[in-house]
Number of protein chains: 6
Amino acid sequence: MKVKPKLRLGLPKGSLQEATIEKMAKAGFNISVSSRSYVPYIDDEEIEVRLIRAQEISRYVELGYLDCGITGHDWIVENNSKVHEVGEFIFSKATRQPSRWVVAVPENSPIRTIHDLAGKRIATEVVSLTKRYLRKHKVKAEVEFSWGATEVKAHELVDAIVEITETGSSLKANNLRIVDTVLVSTPRLIANHKSWKDQWKRRKIENLALLLRGAIEAEAKVVLKMNIAEKNLGTLLKSLPALRQPTISSLSQPGWVAVETVIDEHIVRELIPQLKAAGAEGIIEFALNKVVY
Amino acid sequence: MKVKPKLRLGLPKGSLQEATIEKMAKAGFNISVSSRSYVPYIDDEEIEVRLIRAQEISRYVELGYLDCGITGHDWIVENNSKVHEVGEFIFSKATRQPSRWVVAVPENSPIRTIHDLAGKRIATEVVSLTKRYLRKHKVKAEVEFSWGATEVKAHELVDAIVEITETGSSLKANNLRIVDTVLVSTPRLIANHKSWKDQWKRRKIENLALLLRGAIEAEAKVVLKMNIAEKNLGTLLKSLPALRQPTISSLSQPGWVAVETVIDEHIVRELIPQLKAAGAEGIIEFALNKVVY
Amino acid sequence: MKVKPKLRLGLPKGSLQEATIEKMAKAGFNISVSSRSYVPYIDDEEIEVRLIRAQEISRYVELGYLDCGITGHDWIVENNSKVHEVGEFIFSKATRQPSRWVVAVPENSPIRTIHDLAGKRIATEVVSLTKRYLRKHKVKAEVEFSWGATEVKAHELVDAIVEITETGSSLKANNLRIVDTVLVSTPRLIANHKSWKDQWKRRKIENLALLLRGAIEAEAKVVLKMNIAEKNLGTLLKSLPALRQPTISSLSQPGWVAVETVIDEHIVRELIPQLKAAGAEGIIEFALNKVVY
Amino acid sequence: MKVKPKLRLGLPKGSLQEATIEKMAKAGFNISVSSRSYVPYIDDEEIEVRLIRAQEISRYVELGYLDCGITGHDWIVENNSKVHEVGEFIFSKATRQPSRWVVAVPENSPIRTIHDLAGKRIATEVVSLTKRYLRKHKVKAEVEFSWGATEVKAHELVDAIVEITETGSSLKANNLRIVDTVLVSTPRLIANHKSWKDQWKRRKIENLALLLRGAIEAEAKVVLKMNIAEKNLGTLLKSLPALRQPTISSLSQPGWVAVETVIDEHIVRELIPQLKAAGAEGIIEFALNKVVY
Amino acid sequence: MKVKPKLRLGLPKGSLQEATIEKMAKAGFNISVSSRSYVPYIDDEEIEVRLIRAQEISRYVELGYLDCGITGHDWIVENNSKVHEVGEFIFSKATRQPSRWVVAVPENSPIRTIHDLAGKRIATEVVSLTKRYLRKHKVKAEVEFSWGATEVKAHELVDAIVEITETGSSLKANNLRIVDTVLVSTPRLIANHKSWKDQWKRRKIENLALLLRGAIEAEAKVVLKMNIAEKNLGTLLKSLPALRQPTISSLSQPGWVAVETVIDEHIVRELIPQLKAAGAEGIIEFALNKVVY
Amino acid sequence: MKVKPKLRLGLPKGSLQEATIEKMAKAGFNISVSSRSYVPYIDDEEIEVRLIRAQEISRYVELGYLDCGITGHDWIVENNSKVHEVGEFIFSKATRQPSRWVVAVPENSPIRTIHDLAGKRIATEVVSLTKRYLRKHKVKAEVEFSWGATEVKAHELVDAIVEITETGSSLKANNLRIVDTVLVSTPRLIANHKSWKDQWKRRKIENLALLLRGAIEAEAKVVLKMNIAEKNLGTLLKSLPALRQPTISSLSQPGWVAVETVIDEHIVRELIPQLKAAGAEGIIEFALNKVVY
């Protein structure tokens, strides 16, 4: 009997776990985690899921214990892992901003630029990344590993921190000021180099990437649909380049057409007032599960 | 450097907070509240959000500390606030009923009409509103401010209460009987009179109102879509006035058309059986994010 | 004054309660449960809801205390209830598998087939069902009622258990092996025989079944929509029988059509890569509230 | 190598679990339950703990799967289990009342005495117990098994229920009236007859009973300590029989003694005002871990 | 049949509810609150408990709907209630500080003294109290009722607030500075004047006060017990006035005595090092349930 | 004005935080943590508390940012920190066992002794500690840092782990076997060397240590008190060496004495049956807040 091939997929355990499982479900892969077993259930017999800290996934993909995994660009760089990067995703819908590792100091600190860090002590969870950044800028400073709660340390225990942020509001709430950006990071699907050369695994990984991207992009997009008099259509399309490549279908009501387009959700709030002004009627917006161009 | 204008928007803190933030997100404005800061984050640099008790929003809009705010009609009346009312919304999807402040008494109370309240003691959170109501009906009664848990008082501590209700089921569970309605209230978007005269602020507020109404109305509406033989179309439309202004598009299958319409969600359960009877096929219903006529 | 007729509907209290109420809401019936009252609120004046354990609903439907109810096939059989079965639903979206009552034993147990159960002790919540199953297979064994936590008993207190499972993962986590399936069960809408003969009640129940099935089936389905060059359409449709009965509409762009179809969500992950390969563009997927054929 | 003997002890899983584990800890046996294992940890290598529903413990003690267990008198009777009863405890400190299974009916029911139950339908979790009770009183009625939420059924689904209560306040809140008491029940430590004959096991069980009773009785008792002039001592002791067998020690202050006694906590609120009146000074009360006479 | 007299006792609903019920239990009165009933259970048939907002208790005691109640001094003053004050308690063990209503302003506010409040706007939950305070100091300012979240208002909406605090740490965390103290408040047991003249009720209230004070004072006290050589006793007692009125008992070991005393818990951390230095041995500290002098 | 000296004390943030704060409270120091501030409140104006990860406390004590701190022996060794060790505590009452870092492997692993680790890969949170241990035993193996969830890795990702355990039950539940103990660790109070030389700080730290040890030891001890006939006293004391140094006081009842002793809680369950056998009566046990020899 021939053994069925299996794809071993590493997903981030912990703070990103729930969001990742939700994204996988939107992509069409249902996963459930039991408190009694370290092997999560997935409704695809060709995949085996392992939950591993985001910090470690790239290491185990590199070593071949996992065929592929989802993790942040930051940890791939921090671990200096040799892996194949299959694709990049943006997970956070609310902010639409990638994560950034930044140098931060108390608001009233004399440190203003990266060069003021010379001779200082910096606490961070990404020690290698920070050292590389300092080397690149030819700044000599002491970097120490922080086990967490790094923001609090900036006020007393160290001179500066390198910490992750999206909107900066947590730093602001801690009265910290951003001095510089060390690394911009987004989630990535990565593959072990050997697995990527295996035809079956590669096709499986590519399909996973296609569906996952389709699901994630769909979160930031919506369908807009409206009716408009045919005579106003040209003006509408010309003045609104955001409406690129709409699907236009004729309506039974003579002289009117239906316009439908997939669009970034975050420009809708600017667009709808303009559409109304341009003569659009019966504008409706609805959500998408997936979008694949 | 010219300072960018900002719109200061008051949203209700407390029991309505989560629902309001969810509505704002549907309208396209993402807000996140941090336990470390009293200023919520909003992904629109032209707006500043403040979370304030619903009871007080109209007062601070009137005074000009806020340009606009969302609050209930009840508290605008209770505070007797001079503000511009931009729009009215209905938030509760489940009940589709506005809130009502009602006079309630124990089920076995001798009080049957408003006139039986003469000489009695009434507890309520809306003292001004209740006094005005009694004056209007020329009833003299004592009105005392209730700090909460008003329903329980009706049984022992006072003769009647004026309390808010939607479906009346909480009053019923407390064995209370409704005597009369004092005020029907819905959420409103209100603006400070001076801010309303500022062109930039007014346009910003109007767009907010447009998008918020579009999001809120969409919650009570759905899209129905079905295929029908062209010959049955006339009968369908005539017999079902609810299907007013459908979008009709021809199908590649000769003699058949697709009918699509936006409709109140709560009549769907009556409509679908009728549609099937009229020859509709492949009926599908889906949800909307926004609907703007 | 004529009393309005009412339909008394039993819904399962406990672990299935939340899911059932959510399904009812999708079907168009909003229910809210108060901790102060044993009668839930429903926004349909013609229905009265009672929350009753799934195990007992069929008994009270049979006795006529309820006109109809939603419960599992397993408990109808266990109680040997004489009721009219109106329809069958599948509730679990995640697994798409019906519940099964199975005989399970520890992984290292010598029991391999049902016949090895002869002379053994079996613990289960479904004593009648298990006894009937043993009789059918002419196996004599002792069956004892289990008040719960049955899985743990299999290791020490009894020789085998008859327990419910969907994916089998809870059994596996308890190191139990499935020996045989006793009964496959799905949720059913059942009616009292007399109520079913009452014309008003029957129509009310049938509509409820239609809407509930429409809502439940919609959970496992999605709409796929894509654009394709007309010349590729034939190949697409031929090679992909899953796309049966699509709605095809012409686009304003000459030579291109829009294809739209309702499809099982769980095949989408196989289908989308194939669609892309066949020339489809702008593939979007969105969710449904209801689907009624 | 000789195998160390082990005592297998069944403790009630579910609603009584936490309270029982707390009592065991007070008796000196620390138990911790892991979600990953069905075998709880106990810091006594001579004991193995199993968590089993209170309803089933007596059955598995009788069969010898457990050497001993803690369960209610009610379930021993319901299961008609042949076990050795080692001791009786009272767990509920708040009410100081044993549990009672009572016949309850709606407040306005015509059923007033047990004889009015003739020909009626009764729902209960203790079917055998209820049937035995009816037989004893020569009343013929139908008894059906209730899977729970029995109180709600009394209003519509059945004529009466047999339900457990301590203070009766839950029944009162459900507008139910108690007709008669079927059985008064307290927690018991029971042993398998054969285990009880094993000398090692018996001594182990007896010590467990001693310590557990010491811990449980201590919850309902306190130490009162006070100073009093020697001349007032006689009057104090005579007038207050509750202070039986106090420990009296002389103080260095001439003419004064210290009186110390262990006393039921629930009479302290009556006693302290009397003690003050009798001349006691510096009265202090403190809690006990264990009390063994 | 003579009706048994009952004492109606009002306890604060809401944030102080749990602490008050715990104190009552320590005093010997067990109360349990059901979500199904507005009348809590108490294990004393002579008392009826009502849970009412702390703000309103004094009002309903004055009116006679309650015989007595526990509430803060602040609300008695705010409501200007004519009631008999039976006793004063200190509830907060952690801080050992009474609550204070203080005038607070942003740290960088120009307001430094009460006189700087002239012409300003002040938000507070205690409007009467604040107005009285301003009148006393002959300061004219506008006072407006705050429905809550008052601290946040101080930064933008008003010039100052009058807010409650214990340690001031919440104000500090909000970057507010205390300008002056308006009122120091502690919990009180109050009685209706007429009830206080009723002999049975008065005795019942006095006993309740005695036990409650005994329980509350016990929380802030401990028993210290130690052995010491008789020859060192004099020095010990002289140098440590905190050890006033210890109970000294002779030990069987010649030349040694046991010293036992009830002492404020918060001085123990200073005392124990001194006791060791003075020759005390075997020092033990234990907690008290009640202490009545 | 002279600045008051302050002692900066580091307490472990995270999983040990709540337990440590509870211990501090028992020692007489009340700490409260606010979500709005990173500086916890403590009711001693001479102390400033900082919450820092247990892993990092020794580092910041060594550097002088903290005067002293509570952390585990393991992290002092891992960080190789040069600090003064003031005292050792045992925190876990339930197990009475110190934490151990152990080498663990899957139950069916061929690794049996430390020497089988040669050439293997080991994951752990304590990389330095593990490397030192391997060097000491002259074993060459690869050690990699684990960010957490280390137990799961032992099954697939690495050959062995070095993980912390108390009772070993979590390892057992994960089907892991302990190969060897790397380090036994207990909580320590440590001080910066310079702070320790400051007289004021040293006295403050010593008192803190005294009180903390008094509180922690009290958790594992109880007071036993009993009455016994004088003639049986000698036998009792001789046969029960655990009762060393009891306080014996004469009772007013001739021929009887009261015996009181502080004793390890975990031997009480063995002792009480023996005491009864030896003629002791009225045995009571109660808890201690502190015990200082």
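Strand S1 (residues 7–13) of chain F has 5 of its 7 residues buried, so it is largely enclosed by the rest of the structure. Here buried means under 20% relative accessible area, with exposed over 50% and partly exposed in between, using a 1.4 Å probe and protein chains only. Strands (E, at least two residues) and helices (H or I, at least four) are DSSP runs, numbered from the N terminus.

Before going further, a word on the ground rules: this is a predicted model, in which local features need pLDDT of at least 70 and side-chain atom pairs count only at pLDDT 80 or more, while totals for chains, interfaces and linings use all residues. Residues are numbered from 1 along each chain as its sequence is written, chains are lettered from A and ligands numbered from 1 in the order in which they are written, and side-chain values use heavy atoms, leaving out hydrogens and water.

**Strand pairing in chains F and B**

Let us stay with chain F for a moment. S1(F) runs parallel to strand S4 (residues 47–53) of chain F, and 7 bridges join them. Two strands count as paired if DSSP finds at least two bridges between them. S1(F) also pairs in the parallel sense with strand S5 (residues 68–72) of chain F, over 2 bridges.

Now turn to chain B, where 5 strands form an open sheet with mixed pairing, in the order S4-S1-S5-S12-S6. Its edge strands, each pairing on one side only, are strand S4 (47–53) and strand S6 (84–88) of chain B. Neighbouring strands of this sheet are turned by 30° against each other on average, direction ignored. Such angles come from lines fitted to C-alpha atoms, for helices over the stretch in contact, and run from 0 to 180 degrees between N-to-C directions. Helix H1 (residues 17–27) of chain B packs on the sheet, touching S1, S4 and S5 of chain B, and its direction makes about 135° with that of S1(B). Contact here means heavy atoms within 4.5 Å. Although S4(B) is an edge strand, S4(B) is mostly covered, with 5 of its 7 residues buried.

| Strand pair | Bridges | Facing residues |
|---|---|---|
| S1(B) and S4(B) | 7 bridges | B:Leu7 and B:Ile47 |
| S1(B) and S5(B) | 2 bridges | B:Gly10 and B:Gly69 |
| S8(E) and S10(E) | 3 bridges | E:Thr124 and E:Val162 |

**A sheet in chain E**

Chain E has an open sheet of 5 strands in the order S9-S8-S10-S7-S11, again with mixed pairing. Strand S9 (142–145) and strand S11 (176–185) of chain E are its edges, each pairing on one side only. The twist averages 30° from one strand to the next. Helix H2 (residues 54–63) of chain B packs on this sheet, touching S8 and S9 of chain E, with its direction at about 145° to that of S9(E). Helix H4 (residues 127–136) of chain E lies across S7, S8, S9, S10 and S11 of chain E, running at about 170° to S9(E).

**How the chains relate**

The same surface serves both copies, as 100% of the contact residues of chain B recur in chain E.

Other chains stay apart. No contact joins chain A and chain E, whose closest C-alpha atoms lie 12 Å apart. Chain C and chain F do not touch either, and their nearest C-alpha atoms are 12 Å apart.

**Enclosed space**

How many cavities of 30 Å³ or more does a search of the whole structure find? The search finds 12. A cavity is a set of points, on a 1 Å grid over the protein atoms alone, where a 1.4 Å probe fits but cannot get out; lining residues have an atom within 4 Å of a point. Grid points are joined across faces, edges and corners, and a volume is the space filled by probe spheres set on the points. The largest cavity has a volume of about 300 Å³. It is lined by 20 residues, of which A:Ser249, B:Lys225, B:Ser249, C:Ser249 and C:Glu260 lie nearest its centre. Strands S14 (247–250) and S15 (256–264) of chain A, chain B and chain C are the elements that give two or more residues to this lining.

Notes: On a 1 Å grid over the protein atoms alone, a cavity is a set of points where a 1.4 Å probe fits but cannot get out, and a pocket is an open set with protein on both sides within 12 Å along at least five of seven lines; lining residues have an atom within 4 Å of a point.
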